[in-house]
Amino acid sequence: MKIIPLHKNEKKLIERAVKNNRQAQQVLYELYAPKMLSVCRMYIKDLQYAEDTMLKGFYKVFTKLKNFKQEGSFEGWVRKIMVREAIDFLRSHKKNEFANNQLENQLEEQAENMAEMSTEEAYFQHLIDRLPEGYKMVFVLYAIEGYKHHEIAKMLQIAEGTSKSQLAKARKMLQEKIEDKKRTSHGMG
């Protein structure tokens, strides 16, 4: 397959993909799939569900590609679709509770996925995965995706104050887990 320089030909590639050129769509998919899987994975613990969500997201990307106005980055536009797909997945598979949930222990499911990441990335992903769903979604949307609290509130259909509270609780919980890890790794615990 011919490799196309991204910056020079992305606009032409998108134009061809809008016209249902399967080769152009394949190239766009191959360029963005790894990053978009990471986006989905930040929200969805199970790798298979994250992959399914990413594929549904790409289906929307290609069916709505004519709506992309070439304003702003294409990657940012695709990323927003993936975030919405991940949130929709979580809504449809589990009621999100934005109250004080108990931490879930799912270490076995994570061991396989962690082997693919560096140790630090795997540990941090593990900590994020162990957050209650409400905390996790707000934390990822705010700290990783860069959304503002009013945007998060609108997306998740919660109050802006709830978004701020969930972020504060998530940060506190993560900080406590990191401090615990530091104490035990330095022989203090």
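**Stop 1: Lys136 and Asp129**

Select Lys136 and Asp129. Both residues are buried. They form a salt bridge in this predicted model. The closest N and O atoms of Lys136 and Asp129 are 3.1 Å apart. Side chains of opposite charge can pair when their charged atoms come close.

Arg41 is buried, as is Asp129. Show the three side chains together: Arg41, Asp129 and Lys136 are linked in a network of salt bridges.

**Stop 2: the whole chain**

Zoom out and colour by secondary structure. How many helices and strands does the protein chain have? There are nine helices and zero strands. Trace the chain from the N terminus, and the elements run α-α-α-α-α-α-α-α-α.

The protein chain has 189 residues, and 38% of them count as buried. Look next at contacts between residues at least 6 apart in sequence. Of these contacts, 65% join residues at least 24 apart.

**Stop 3: colour by confidence**

The mean for the protein chain is 81, and 80% of the residues reach 70 or more. Where is confidence lowest, and where is it highest? Helix H5 (residues 107-114) is lowest, with a mean of 42. Helix H3 (residues 47-63) is highest, at 95.

Select residues 1-7. Here pLDDT stays under 50, and the model has eight contacts beyond four places in sequence for this stretch. Then select residues 96-116. In this stretch too, pLDDT stays under 50. For residues 96-116 the model has 37 contacts beyond four places in sequence.

**Stop 4: helix H2**

Select residues 22-43. This is helix H2, with 22 residues. From its first C-alpha to its last, H2 reaches 29 Å. That is close to the 32 Å expected at 1.5 Å a residue.

Start at the N-terminal end of H2. Asn21 caps it. A side-chain oxygen of Asn21 lies 3.0 Å from the backbone nitrogen of Gln23.

Follow the axis of H2 onward. At which residue does H2 bend? The bend is at Ala33, and is about 50°. A proline, Pro34, follows within four residues.

Next, show the buried side chains of H2. Among them are Ala24, Val27, Leu28, Tyr32, Met36, Val39 and Tyr43. Arg41, from the first stop, is also one of the buried residues of H2.

**Stop 5**

Is Lys35 buried or partly exposed? Lys35 counts as partly exposed, because its relative accessibility is 42%. Glu75 is partly exposed too, at a relative accessible area of 23%. How many salt bridges does a search of the whole structure find? It finds eight.

**Stop 6: Glu145**

Select Glu145. It sits in the loop between H7 and helix H8 (149-156). Glu145 is buried, with a relative accessible area of 15%. Which side chain makes a polar contact with the side chain of Glu145? It is the side chain of Arg79, at 2.6 Å.

Show what else Glu145 touches, leaving out residues up to four places away in sequence. Glu145 touches Val39, Tyr43, Arg79, Val83 and Val140. Val39 and Tyr43 are among the buried residues of H2.

**Stop 7**

Select Ala143, in helix H7 (residues 133-144). Ala143 is partly exposed, with a relative accessible area of 40%.

Finish at Leu167, in helix H9 (residues 160-185). Leu167 is buried, with a relative accessible area of 4%. Which residues does Leu167 touch, not counting those up to four places away in sequence? They are Val138, Phe139, Tyr142 and His149. Now draw a distance from the C-alpha of Leu167 to that of Val140. The two atoms are separated by 9.1 Å, and the residues are 27 apart along the chain.

Conventions. Residues are numbered from 1 along each chain as its sequence is written. Side-chain values use heavy atoms; hydrogens and water are left out. Helices (H or I, at least four residues) and strands (E, at least two) are DSSP runs, numbered from the N terminus. The expected span of a helix is 1.5 Å times one less than its number of residues. The bend at a residue is the angle between axes fitted to the seven residues ending there and the seven starting there. Buried means under 20% relative accessible area, exposed over 50%, partly exposed in between (1.4 Å probe, protein chains only). A polar contact is a pair of N or O atoms within 3.5 Å; within protein, one must be able to donate a hydrogen and the other to accept it, and residues adjacent in sequence count only if both atoms are side-chain atoms. pLDDT is the predictor's confidence in each residue, from 0 to 100. Contact means heavy atoms within 4.5 Å. A salt bridge is a side-chain nitrogen of Lys or Arg within 4 Å of a carboxyl oxygen of Asp or Glu.
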